[in-house]
Amino acid sequence: MTEPTREITVADPGWTSGLWWGVFGLLGAGLGGLLRAIAGWVASLSWAPFQGLFKLIDSLPAGVATIGAVLLGLLAGLAVAYQGQRESLTVTVSARQVRLSRLGETTELARDEVRAVFLDRKQLVVLGPATEELARLPSDLDADRLRAAFTRYGYRWRAGDPYADQFRRWVPDTPELPAAANALLAARQRALARKDHTDAAELRAELARLGIVVREEQQRQYWRRLPAPGSP
């Protein structure tokens with residue numbers, strides 16, 4: 001097999017998958033059993049919410065209610081584990097391209113598209129030829145494994161954002177920005193406040209189309225412009 005056809009995959013270790021399913025499955029089953037055990041007591045509290053649900057559980061035969069509650073708790077725990085697995089990032093690196101897979105979606109980036117790669121706290125960032133962000137994805141993957149995979153095939157791995165000193169704090173109606181960018185940043189600030197990560201990601205993409213790169217720290221936004229075409 002020739003070198004260009006080889007690839008390195010960096011993902012969560014296999015044992016973590018079993019841990020996710022086992023821990024959350026058992027935790028869910030345990031909570032389901034606890035719910036059955038305290039249903040009668042909660043139903044007796046006039047101020048407690050979901051009175052109808054707890055009264056229904058308490059009215060069922062003990063064996064049926066316990067088995068049903070444990071099974072429902074188990075299913076809920078497994079659902080949490082499944083979502084956690086989907087949210088984990090898988091990175092595949094070869095001499096030809098980079099593949100980033102998360103939440104059932106895969107982004108493929110050709111080798112000549114990638115200018116630099118680095119970790120920004122708990123996010124993996126891939127920069128393009130014009131220093132634009134081609135990808136910014138949550139990652140709990142080991143930094144050493146990621147660095148080894150990228151440098152193995154000659155990608156530029158950085159210890160941090162090489163353009164960090166160009167970011168400036170955004171405040172409403174920043175005069176250096178066009179009105180459209182300020183409006184998008186204001187909308188994104190609201191999305192961050194309500195923890196709507198999907199909307200925040202979409203607004204980040206809209207800002208990128210205007211030549212603005214944005215990052216945040218504790219809901220504070222920072223921005224930088226992309227260099228003019230032809231700049232080094």
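**Note on the sheet and nonpolar cores of a predicted model**

1. Strands S1 and S2 run antiparallel and are joined by four bridges. Val10 has Val91 as its bridge partner in S2. Strands here are DSSP runs of E with at least two residues, helices are runs of H or I with at least four, and both are numbered from the N terminus. Two strands count as paired if DSSP finds at least two bridges between them.

2. The model is predicted: local features need pLDDT of at least 70, side-chain atom pairs count only at pLDDT 80 or more, and totals for chains, interfaces and linings use all residues. Residues are numbered from 1 along each chain as its sequence is written, and side-chain values use heavy atoms, with hydrogens and water left out.

3. The open sheet consists of four strands in the order S1-S2-S3-S4, with antiparallel pairing. Strand S1 (7-10) and strand S4 (105-110) are at the edges with a single partner strand each, so one side of each lacks a neighbour in the sheet. From one strand to the next, the twist averages 15°.

4. S2 and S3 also run antiparallel, joined by four bridges, and a hairpin of two residues connects them. Thr92 stands opposite Arg99 in S3, and Val93 has Val98 as its bridge partner in S3.

5. Helix H4 packs on the sheet and touches S1, S2 and S3; the direction of H4 makes about 165° with that of S1. Axes are lines fitted to C-alpha atoms, for helices over the stretch in contact, and angles run from 0 to 180 degrees between N-to-C directions.

6. S2 is mostly covered, with four of its five residues buried. Buried means under 20% relative accessible area, exposed over 50%, and partly exposed in between (1.4 Å probe, protein chains only).

7. The largest nonpolar core has 20 residues, of which Val91, Leu100, Leu124, Leu146 and Phe150 touch the most other members. Two or more residues each come from strand S2 (90-94), strand S3 (97-102), strand S6 (123-127), strand S7 (133-138) and helix H4 (143-152). H4 gives the largest share, three residues. Such a core is a set of buried Ala, Val, Leu, Ile, Met, Phe, Trp, Tyr and Cys residues joined through side-chain atoms within 4.5 Å.

8. Apart from its neighbours within four places in sequence, Phe150 is in contact (heavy atoms within 4.5 Å) with Val91, Val93, Val98, Val117, Tyr155 and Trp157. A second, separate core of 14 residues includes Leu184, Ala200, Leu203 and Trp223.
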